Amino acid sequence: MSAREFNQSVAKAQRIADDEPVLVTRHGEPAYVLLSIAEYERLRPATSSDGGDAPYSLLKLLSPPEGVEFDDDDDFDEILRDIRKNTPDRPPFEFD
């Protein structure tokens, strides 16, 4: 749903979000996702590793375990090589 359509029909977006996430685009590019609170709570970690309340952080969820470091370029290249090797029919990756 475009940002314009979202702004003109927030109630419609809310009804859709009751059943599935709503992707809102700006200038044709993904910009926001509207989720029901139930889906948000399902995705949100209940507690942090120290037992306290954890604020939702996708970055934290995707971060490597503490003490593990990656050499970004080499690791990324290795991941791409593995993907290409295991999915030879997949079209090549393109990055802007």
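**View 1. Strand 1 and strand 2 form a hairpin.** Between the two strands lie 2 residues. His-27 sits in the turn and has a positive phi of about 55°. The model shown is predicted. Strand 1 covers residues 22–26, and its pairing with strand 2 is antiparallel. The pairing runs over 5 bridges. One of the bridge pairs joins Leu-23 to Val-33 in strand 2.

**View 2. Ala-31 lies in strand 2.** This strand spans residues 29–34. Is Ala-31 buried, partly exposed or exposed? Its relative accessibility is 34%, so Ala-31 counts as partly exposed; that class falls between the 20% and 50% cut-offs. Setting aside neighbours within four places in sequence, Ala-31 is in contact with Val-24, Thr-25 and Arg-26. Strand 1, residues 22–26, is the strand that pairs with strand 2. Ala-3 is 28 residues away from Ala-31 along the chain. The C-alpha atoms of Ala-31 and Ala-3 are separated by 8.5 Å.

**View 3. Ser-36 occupies the loop between strand 2 and helix 3.** Helix 3 takes in residues 37–43. Ser-36 has a relative accessibility of 16% and therefore counts as buried, the cut-off being under 20%. Which residues does Ser-36 contact, leaving aside its neighbours within four places in sequence? They are Ala-17 and Asp-18.

Terms used. Residues are numbered from 1 along each chain as its sequence is written. This is a predicted model: local features need pLDDT of at least 70, side-chain atom pairs count only at pLDDT 80 or more; totals for chains, interfaces and linings use all residues. Side-chain values use heavy atoms; hydrogens and water are left out. Helices (H or I, at least four residues) and strands (E, at least two) are DSSP runs, numbered from the N terminus. Buried means under 20% relative accessible area, exposed over 50%, partly exposed in between (1.4 Å probe, protein chains only). Contact means heavy atoms within 4.5 Å. Two strands pair if DSSP finds at least two bridges between them.
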